[in-house]
Amino acid sequence: MNIIDIEKLNLSFGSGVNESKVLHDVCLQIQAGESFGLVGESGSGKTTVLRCLAGQYHHWSGQLSVNGEQLQHKLDKKRCIDMQMVFQDPYGSLHPRHSIETALAEPLKIHKMDNRDERITTILKKVGLDNSFRYRSPHQLSGGQRQRVAIARALILEPKILLLDEPTSALDVSVQAEILNLLKDLKEKEGLTYLMVTHDLGVVSYLCDRVAVMQSGRIVETISSDDLANHNASEPYTRMLLDCCYHTEATNVTAESNIY
Amino acid sequence: MLTFQLSNKRFKHFFGGLSSVAITLLGLLALTFFIGRVMPIDPVLSVVGPDADNSTYEQVYKEMGLDKPLYTQYLYYLNDIAHGDFGNALLTGRPVIEDIARVFPATLELATVAIIFGIVIGIPLGVYAAVNKGRAVDHIIRVISLFGYSTPVFWVGMIGLIIFYAWLNVVGGSGRVDLAYDGFVDPVTGMLLIDSALARDWDVFQSAIKHIILPAFILGLNAVSFITRMTRSFMLEQLSQEYILTAQVKGLPKRVVIWRHAFRNILVQLLTIITLSYGSLLEGAVLIETVFAWPGFGQYLTSSLLLGDMNAVVASILLIGLIFISLNLLTDLLYRVFDPRTRK
Amino acid sequence: ITPENQLVIGMSMDNLLSLDPASASGLDVVSVNSNLYDMLIELAPKEPSKISPAVAKSWSISEDGNRITFELRDDVIFHSGNKLTAHDVAWSLQRVLKLNLALASTWKTYGFTADNVEQFIQAKDDYTVEISLPEKTDPNLVLYTLGSSPSAFIVDSKEVLKHEKDGDLGHAWLTTNVAGSGPFQLRDWRAKDRVLMTRFDDYWREPSEMKRIVMRHMTESQSLRLMLERGDIDIAMGMSVPDIEALKKDDNIRSEATIRGTLYYVAVSMKDDKFSNKKVREAVRYLIDYKGINDSIMPNYGVLHQRPLKLGLDATLPEPGYALNVQKAKTLLAEAGYPDGFKTSIRVLSQLPFINIATSLQSTLAQAGIDAEIITGTGNQVYGAMRERKFEMLVGRGGGGIEPHPHSSLRSLVYNPDNSDEAKLTNFQGWRTGFYSPEINTIIENALLEKDAQKQIEMYQDVQNIYETQIGAIFPVSQMLDTVLLRTDVKHYEGHQAATTRLREVTKER
Amino acid sequence: MEDTKLEVKNLQISFSHEGSQVNAVRDVSFTLGQEKLAIVGESGSGKSTVGRSLLKLHPKNATVKAEKLQFGDIDLLQANDKTMQNIRGRRISMIMQDPKYSLNPVMKVGDQIAEAYLAHYKVSKKIAKEKAITMLEKVQIRDPERVYSLYPHEVSGGMGQRVMIAMMLIPEPEIIIADEPTSALDVSVQRQVLNLLDELISERNIGLIFISHDLDLVRNYCDRVLVMYAGRVVESIKASELENAQHPYTQGLLKAPPRIGDIRNRLPTLQRDPSWLFN
Amino acid sequence: MITNSTMKSSSISKSTNANLMMLLKTVGHGCKRIIRNPLTAAGLVVVILLLVIAVFAPWIATHNPLAQQLSNSLQAPSAEHWFGTDEFGRDIFSRLVYGSRITLYIIALVTIIVGPIGLAIGTISGYFGGIIDTVFMRITDIFISFPGLVLALAFVAALGPGLEHAVIAIALTTWPPIARLARAETLQLRKADYIVAVQLQGASATRIIFRHIVPMCLSSVIVRLTMNMAGIILTAAGLGFLGLGAQAPLPEWGAMISTGRSYMLENWWLVAAPGAAIMLVSLAFNLLGDGLRDLLDPRN
Ligand SMILES: Nc1ncnc2c1ncn2[C@@H]1O[C@H](COP(=O)(O)OP(=O)(O)OP(=O)(O)O)[C@@H](O)[C@H]1O
Ligand SMILES: Nc1ncnc2c1ncn2[C@@H]1O[C@H](COP(=O)(O)OP(=O)(O)OP(=O)(O)O)[C@@H](O)[C@H]1O
Ligand SMILES: [Mg+2]
Ligand SMILES: [Mg+2]
Ligand code: NI
């Protein structure tokens, strides 16, 4: 069964003459336990898809279902437990005045969960932070550590689905590696389903099983990572993305270096 | 097609603006009327005097329509206003509109000269402070400008009058013009400087300048401070922008970087706060007008208020509301004209 | 420096709301209108009981004292060019009663009403006016009114009727315009700003030397002082004491104090339980620091006076010599059942010297345990509360009677023929304070009819004595003094006790 | 490397911040000839600071010390404001990272280009305008006349970056510092811009300092690479030999990013060694 | 069970402790930075001095501020009366000292009224947007277009002169700018990722506004309020000057100037002292607010 099922998702912003259609009949099926990538040029609507799923936009049309249940247009608490999101900018996604403890306790309070203390300790351990981070405030953390906290916050409600919006693009390569490793570990241990937006085909190839390519609000192709790695993409746009990607094996460099 | 879209959008914007203006004005009207109602000032006494006997009192009470229920009075009033009739002022017996047309230019003149002080002094000071951020001059300018914020104008006004009028005799005393010249120039715009210039009566003009300079400067102190500080902080914001670095990289002289690049970018914001402080100067002149016996709008409004002359008060407040709203619309417009980013 | 042929006056015009002689009350208006209009007769500035002819060249009182006949001059012209006739005079006086505005009050006490006035005030021919009295009264009192009341100005009936609207007898128009025959013409009046007058060259007396008079609304005493010192104004009125004192030392400036008929007083409301108690009132009388107030607050504003009758009348008794005596007041309060004092409030105009009197009163009351809160307000608010009998204590000024006659003071301050709330005798301060003494009322009524001058004086003295023993609700503190400051080059300025100061003779000598 | 355009020796830059000192750059030395020199390193390693100090555009709270900061025959350390003004743009210029923020939003882009020319050449405005339009053409902008009178918010990122390049090249400088010139751009646009830049600088014999954090990019694009770590140059190496870099930091940076078809189960993470701070 | 609950409480106290520590640290840090800027420090010192004087007024004042002694009126400054005496012979220094209480009282009251109102209206309006925003902003517009001193005058005229009424009146004129400020901040914050994050966790609007948005707006609102203090003091003094503020015999500084101005040409100390006091205190608040703004400005 598909844990996420997106059928004919359409969304426009503005109204009347200013209306601009951002999503055109987007369809996606993601299976439980899968990690699914979403790539595409800037402004193609990747983030928008995630936000629709997360309940940030209410005016979409089409059908969204999670766990076989139709999603309402309004955000309800059930969906919060099912699905959480991690944002691109680790510097902007933590409340600057709240300590890590407060940030992590917040969702527990909202959902009236018990054993808060234990849960927080566990989750911090899971994302590779020890208890000493607990009472720090965000400005005392590095970007990578913040992103870990953001992931911890998303996971503390024990959702099955994690929506990841370019979770590493604001980070250095070395830190990126740590976060990607963490995500990979978590997925294996917790059996999570990922829907990850990125513009880095290397990341896709490392973390995702399948990937959908978006271009101006449409999904132009959905292929598996293996096919992607083997240059089996059929759509010209995907091929172009592949071409442009400098993150190729060192052996490929000489072959392509003539482009300069 | 495209032009149609644009004009449609603009039309909508304009229309939205107008309806919000109307709502705000109606709100002001209701609020003022309410205040007038709860005010324990008896307008009848203002007319008949404290020693009138009861039959006179009752007669005038009826004449003024005060015996009718409140909502009837309000409806009558609304109806009159809708017909452009704001009633007569108790204070002068003349139509309120006529009164306002007479007192408002005096304040307008004062505030205009004050804002000119504000602009001419405030902007260079602010720019200078921003460019020299953290240095001694910056601190000095900051303290000076904070002084402007912190001085009770009525107090400085009194002291200024003593020093500059009584001791040094470099400015004129109270009033808009030397009393002996009073009434020499027929009001055209109501602004004495302009009227006397139009009439080429340079004696009056000179006397008017001597009289306006001190109150306008003191009134403008606050504006100077405000403009200095805002200019400084706007400039600081712009100077930290990347494009300033670009301009420096190009090898442009400092002067050009500051004025052509940074300053041009704060122009719109600056205009906004200038209109804003102009607005508050227009309404904030009450104290200065009192100290300098300036027969302006602030005094008119205050004394009408204290006499319970609600016709005059409501009309005056509507006027101020209107000024504020039109200044806001003007700012909006300025944004459109001066900022290419909103010029669509 | 002011020009030689212009007179520049700085004064407060706070109370100058209308120039219409039928409605304009207040001293400010009189001092303006006296120069724009003429009256039948005039009172001498310093000796107001001396009547001199003006538009009326002579007058006579009938044997029975019920009728006064005036013979008018025939050479008086209005500013409009119309001739002033007896019809204008009669019409002007009739108009006051018909409009029934503030100034009708005095005439109504003489028995005139809107209905009977045409019958009682009549033009017999073009230059003869006859005033018959509807009720028995002292005809001198009426003459004084004709020589001092703001309602006694003669208006140009033809001109005014041109501007009549909805049968208002030209009221709307006259509020801001002038139709008079005085030595000056109104050029421009802006409320709370200035009054501009120019000389009327066809004035029946010698035309004035001043071509122009500028009266400027100025409330800040220091501004007035600075401008007077600089010579930018010639005459300053309504200045504060310290400035007056300072200017008195200046050689270029002289001061002229004129006594007025009004009194500064402390009033209590007998509608209030506490103050209806005679002992409490007596205690209050002991709790006013008359000496302190008059020595340090009142110089140039007033002179010590503690009687309801104004100073300078033959009937006025010597000062009773009340003084601050806290001990005595405490004893009285204890006897009255308030050993620890009580809480009360003082209503007062937020102006000098009222506010200072109140502050002083507050502090002396406190010494006897009376905790008084000061509530300031405009005249409208303070006297409004008094008219509605909604006050406890009040510092005010009154006694309105401009006429140099004891009746005028007593009527205004003491007389109260009906103390019921429904009577609404709001023009009597006696009624406002709730002081009701049938004994006094009777004497006042009878004294007015008394033909024997000596007897009349004795009666009025009786009133004062009874008032003292009964302890009235109004405690006069000071008789009003109006101090005007002038540049010494201004000559022939004579302040008038009734405020009808005429500037037509003023000259400048430089 | 025949003629050395720029020589930097033991450059030290520190920032004073609320009484404390931050040494952002320590003992950096390098020379630049007519070549493409890359400076790479993780965020905060001091790359931009080095670049800006060459134009003496560091913030007020910075202290710059060096044994030598020689540009041609000019000692930059001694240069006063006037001299620097003449050097900036005209002889050394710098391409900024993000066209969205680096162009004056209220000036037409063309005017901004022309202004760069006018700052150094005494010509009429008309000629400068023509010059700017030619330059726009050079950076492969179609319809340059129209673009000339556009405002920055009206041009796309790629176009903006080309405008930036045009602006920096128009006074014909000898050295260009490019501070992450393409990191704000889409991958496809990025390639076009880099190609263009490459053409122009080789055409004009310009020395390029290319600041980036992307090792894969610079190894294909540049001749030589300086690897910075915490304000120090830990390694200076020919781009073609980057694969054989000695320093573990460089090695770590090279291995960290995942690549397409990567079959590694875990990505190697950088183990920072305190000893890297002391050469 | 026991362990569980103790753990809970300990964790809670630990977390509050931690938050407290954080707060203290930031405050301590802030103080350090304030002191580094001499101007701000000067402002702070004056404000603290004002507080101390107000609290210890009875000990600091040399005379009873209300005690009249008409025989001793208008004395020039001397050893006995440091700032001289007024027209009632009251000691001006003591009146100034007690006047600081009134000034503080006005400031405190206005702040207590204005801060919460402005903050609530601004954040609610900004967070919900739409019709709520429109309605609230129209109301704010109305109050903004109502000229400040005039609204104050009208209220004082309506309710009668007096300190409390003046305070209410001033408060009514001061909240709209605060509301606008809070709204503008909220509009920006509303889109911030961390707000979106708590939305996704199912937090209610009330929770988001009060726990997440308000704390963020607080600092700029506090700065604004601090700078408003000066305005409040001046408006109160202006009302006092027009005779509509604090009533006699209260030693309100503006009222002191108002009554003293009749004597100012001979007895300059009557207005010099309270005028300087007003200026000093509002300058201090301005300096402090200015410094605080620099301090709390995220750009620094
Ligand atoms: N709130 C909004 N109102 C109007 N248009 C919007 C809004 N949010 C997004 N858009 C538009 O929708 C389109 C898709 O945006 P989206 O953020 O989903 O792109 P993206 O693929 O995530 O791009 P990036 O890689 O730059 O993050 C863009 O053209 C954007 O301008
Ligand atoms: N104005 C400044 N004041 C204080 N410290 C500064 C300032 N500018 C830079 N720094 C510090 O100097 C160090 C180097 O900064 P720099 O901007 O040169 O790094 P970078 O290598 O360009 O990083 P990035 O890749 O993120 O652009 C950093 O630690 C930074 O915090
Ligand atoms: Mg996105
Ligand atoms: Mg950088
Ligand atoms: Ni608008």
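These legends walk through several close-up views of a predicted multi-chain model. Local features need pLDDT of at least 70 and side-chain atom pairs count only at pLDDT 80 or more, while totals for chains, interfaces and linings use all residues. Residues are numbered from 1 along each chain as its sequence is written, chains are lettered from A and ligands numbered from 1 in the order in which they are written, and side-chain values use heavy atoms, with hydrogens and water left out.

**View 1. How the chains meet.** Here we start with contacts between chains, where contact means heavy atoms within 4.5 Å. Eight pairs of chains are in contact, and chains B and C share the most contacts among them. Chain A and chain C, on the other hand, have no contact, and their closest C-alpha atoms lie 49 Å apart. Chain C and chain D do not touch either, with 49 Å between their nearest C-alpha atoms.

View 2. Side chains of opposite charge can pair when their charged atoms come close. A salt bridge is counted when a side-chain nitrogen of Lys or Arg is within 4 Å of a carboxyl oxygen of Asp or Glu. By this rule there are 68 salt bridges over all chains. In one of them, R176(B) meets E109(B) at 2.8 Å, N to O. This pair links distant parts of the chain, 67 residues apart: R176(B) is in the loop between α7 (153–167) and α8 (192–198) of chain B, and E109(B) is in helix α5 of chain B. Helices (H or I, at least four residues) and strands (E, at least two) are DSSP runs, numbered from the N terminus. Are R176(B) and E109(B) buried or exposed? Both are buried, where buried means under 20% relative accessible area, exposed means over 50%, and partly exposed is in between (1.4 Å probe, protein chains only).

**View 3. A salt bridge between chains E and B.** D290(E) and R142(B) bring their side chains together at 2.5 Å, N to O, in a salt bridge. The pair crosses between chains, from helix α11 (residues 269–296) of chain E, which holds D290(E), to helix α6 of chain B, which holds R142(B). Both D290(E) and R142(B) are buried.

**View 4. Two parts of chain D tied together.** In the salt bridge of R224(D) with E35(D), the closest N and O atoms are 3.0 Å apart. R224(D) lies in strand β10 (residues 224–229) of chain D and E35(D) in the loop between β2 (20–32) and β3 (36–41) of chain D, so this pair ties together parts that are 189 residues apart in sequence. R224(D) and E35(D) are buried.

**View 5. A network and a cis bond in chain C.** Salt bridges link D188(C), R190(C), D193(C), R194(C) and R216(C) in a network. Elsewhere on the tour of chain C, the peptide bond from L352(C) to P353(C) is cis, with omega near -5°. P353(C) is in the loop between β14 (343–349) and α14 (354–367) of chain C.

View 6. N115(A) is not a glycine, yet its phi is positive, at about 50°. N115(A) sits in the loop between α3 (100–110) and α4 (116–126) of chain A and counts as partly exposed at 31% relative accessibility. E180(D), also a residue other than glycine, has a positive phi near 40°. E180(D) is in the loop between β8 (175–179) and α8 (187–204) of chain D, and at 15% relative accessibility E180(D) counts as buried.

**View 7. A nonpolar patch on chain E.** Patches are made of residues with over 30% relative accessible area and no salt bridge, joining like charges within 9 Å and nonpolar side chains (Val, Leu, Ile, Met, Phe, Trp, Tyr) within 5 Å. I48(E), L51(E), V52(E), V55(E), F56(E) and W59(E) form a nonpolar surface patch with about 610 Å² of accessible area together; accessible areas come from the Shrake-Rupley method with a 1.4 Å probe, and for residues only the protein chains shown count as cover. Helix α2 (residues 38–55) of chain E gives the largest share, four residues. V55(E) lies in this helix and is partly exposed, with a relative accessible area of 49%.
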